[in-house]
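Hello,

The model we discussed is below, followed by notes on what came out of it. Please keep it open while reading.

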Amino acid sequence: MGFLDISQLNYSYHTKAGETKALSGINLAVREGEFLAIVGPSGCGKSTLLNLIAGLLKTQEGNITIEGAPVAESRDKIGYMLQKDHLMEWRSTEDNIRLGLEINKMETKEKEALMEQMLKQYGLYEFRKVKPKELSGGMRQRAALIRTLVMEPELLLLDEPFSALDYQTRLSVADDIYAILKAEGKTAVMITHDIAEAISMSERVIVLTSRPGRIRKEIQVHLTMEDGKPPVKPSQARSAREFAVYYQQIWKELMGDDDER
Amino acid sequence: MMMNGKRMLFQNLDRQKEEQGISAAQAAYLAGCRREKRVVRLWQWLIMVLFLGLWELGARTGVIDSFVFSSPSGVVETMITMSKDGSLWYHTGITLAETFVSFLLILFFGIGIAVLLWWNTKLSKILEPYLVMLNSLPKSALAPVFIVWLGANMKTIIVAAVSVAVFGSILTLYHSFSETEEDKLKLIYTLGGGRKEALTKVILPGNIPTVVSLMKVNLGLSLVGVIIGEFLAAKAGLGYLIIYASQVFKLDYVITSIFILCVISVLLYHGIARLEKK
Ligand SMILES: Nc1ncnc2c1ncn2[C@@H]1O[C@H](COP(=O)(O)OP(=O)(O)OP(=O)(O)O)[C@@H](O)[C@H]1O
Ligand SMILES: [Mg+2]
């Protein structure tokens, strides 16, 4: 049994236009502290899977448990990072970060201290009073991350968290976020379209088939650098020896999907 | 030496300006803006003076009949007598009070009902066609009905004024609420909030600009509604004064009332515009 357990999960959307089967027979166990990446063709049900784990959608068939308890009871253990930062333009950086605390009536001294420490650590302290439109894309994404982390979730769900950023920012924010998650020992499930990003950040990559999403392949990632040690930062991982091999393998799995159709 | 000192002085001045963030080109641009503003103002005054002057001249020489068209000096005289006997303040005060009460009621019901509709999607689906119908109905048609139901009094006037703007406000606000980005609401839910938090943290603060621009329109509409109401059902107020004075051919009073209405609408508009800047 893992930290997060998913068994026999099926999910369908019902609309007037008809029924859309989004997920089919998903079985998955995620260890505590693991970084898991999910890749798959567009529309295969990745966001649906994350929404189910987050408890934003109700499960129809199958079970999802976190530390043995159903997700409905564990919502406060889960942090969710969306594709866009969704900072409220009318709130200052720190008030944006307080949003979750306000909602959960958790504005305690300890939380304020934690927030201040995170703002300093991630280079946003000088910008805590300014409105989001004065922040760069990377800063906004970091602010959104602090907003999630200040709630101290045990499991972090990331839905294409970097796709709104330009390539440069994307690499550095990925490094930042990776470092933060590892330092805090968080379990993370990340969806991405970027195979390189999946390999460089995660310990395991799950490849889904096109709709309805099933698990097509699980790939354990072990990277070694020139010196024989694993890479420290995701941005270095691209020069790891096995990188190209993993890239090829995942690429083939994703493409192979088209052949079968 | 002299030259040098002078140049340095200028350089210093330039630098000072630049430190304030103003270069020579920027200063020239700002000067241009000021000049244009002066020209615009000048023309605005010129048009007014010309209009009033010609009107007065026409009335004096008998080119236009001052009995029917009144005259600027007649209006001034009327204003003086009216302010002396207090009727000017009385009628203006009544109209203003009715306008403010209607305006606040429109704001209250507009926001309140829009929130209710946003909260209860089924209710909004059920009520939408009725709201659309009520919104496009010419509200002046309702005024006589209100008189029958409520009597010829201030209640009728306020209800008439509210009816002019409230349905449009509800529809505008409700649509603006529903167009809020779905993912912003999702964010609230991921942070453990419910519909109430979505309302107070996203929907309401995010729609302040819509509310303010709606307030601008509604202030004008409440005044329209109040005047319509006063035409039909009042014993006091500027609308009453206009109707009464026109029936007894006291055109000086009619024009004076209209002039006061002009002043009121300008002042109200600027009041809201100032609020908007904050
Ligand atoms: N609310 C909804 N109602 C009906 N169908 C939906 C809804 N949300 C998603 N779908 C459908 O379910 C399928 C899976 O959607 P999902 O958003 O999970 O895909 P995804 O893998 O995240 O795609 P992408 O990579 O483009 O983000 C899609 O075909 C989509 O059209
Ligand atoms: Mg998606």
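**Notes on the model**

Ser70(B) is buried, because its relative accessibility is 0% (buried means under 20% relative accessible area, exposed over 50%, partly exposed in between, with a 1.4 Å probe and protein chains only). Ser70(B) sits in the loop that runs between helix 3 (66–69) and helix 4 (72–85) of chain B; helices (H or I, at least four residues) and strands (E, at least two) are DSSP runs, numbered from the N terminus. Its phi is positive, near 55°, although Ser70(B) is not a glycine.

Conventions: this is a predicted model, in which local features need pLDDT of at least 70 and side-chain atom pairs count only at pLDDT 80 or more, while totals for chains, interfaces and linings use all residues. Residues are numbered from 1 along each chain as its sequence is written, chains are lettered from A and ligands numbered from 1 in the order in which they are written, and side-chain values use heavy atoms, with hydrogens and water left out.

**Ligand 1**

The shell around ligand 1 consists of Tyr13(A), Thr15(A), Ser42(A), Gly43(A), Cys44(A), Gly45(A), Lys46(A), Ser47(A), Thr48(A), Glu160(A), His193(A) and Arg211(A) (a residue is near a molecule if one of its heavy atoms lies within 4 Å of it). By class, two of the shell residues are nonpolar, seven polar and three charged. Here Ala, Val, Leu, Ile, Met, Phe, Trp, Tyr, Cys and Pro count as nonpolar, Asp, Glu, Lys and Arg as charged, and the others, Gly among them, as polar.

Strand 1 (4–15) and helix 1 (46–54) of chain A each give at least two residues to this shell. Helix 1 of chain A contributes the most, with three residues.

- Ser42(A): a polar side-chain atom at 2.7 Å.
- Lys46(A): an N or O atom of the side chain at 2.7 Å.
- Arg211(A): an N or O atom of the side chain at 2.8 Å.

On its own, ligand 1 has 630 Å² of accessible area, and the protein covers 64% of that (Shrake-Rupley method with a 1.4 Å probe; for residues, only the protein chains shown count as cover).

Arg211(A) is also one end of a cis peptide bond, to Pro212(A), with omega near -5°. Pro212(A) is in the loop between strand 9 (204–208) and strand 10 (215–220) of chain A.

Helix 1 of chain A is largely enclosed by the rest of the structure, because eight of its nine residues are buried. Among them are Lys46(A) and Thr48(A), which also belong to the shell of ligand 1. Gly55(A), with a positive phi near 80°, follows the helix.

Thr59(A) is in the loop between helix 1 and strand 4 (61–66) of chain A and is partly exposed, at 35% relative accessible area. Beyond four places in sequence, Thr59(A) touches Leu9(A), Leu52(A) and Ile64(A) (contact means heavy atoms within 4.5 Å). The C-alpha atoms of Thr59(A) and Ser12(A) are 9.7 Å apart, across 47 residues of sequence.

Ser12(A) belongs to strand 1 of chain A and counts as buried, at 9% relative accessibility. Its side chain makes a polar contact of 3.4 Å with that of Glu19(A).

The loop between strand 6 (78–81) and helix 2 (93–103) of chain A holds His86(A), a non-glycine residue with a positive phi of about 50°. His86(A) is buried, at 4% relative accessibility.

Arg91(A) lies in the loop between strand 6 and helix 2 and is buried at 11%. Its side chain is joined to that of Glu102(A) by a polar contact of 2.9 Å. The residues in contact with Arg91(A) include Lys201(B).

Between the chains, 16 residues of chain B are in contact with 19 residues of chain A. About 1,600 Å² is buried there, 65% of it from carbon and sulfur atoms (buried area is the accessible area, with a 1.4 Å probe, that two parts lose on being put together, summed over both). On the chain B side, Leu187(B), Leu191(B) and Lys201(B) lose the most area to chain A, together 38% of what that side buries.

Regards

Notes
A polar contact is a pair of N or O atoms within 3.5 Å; within protein, one must be able to donate a hydrogen and the other to accept it, and residues adjacent in sequence count only if both atoms are side-chain atoms.
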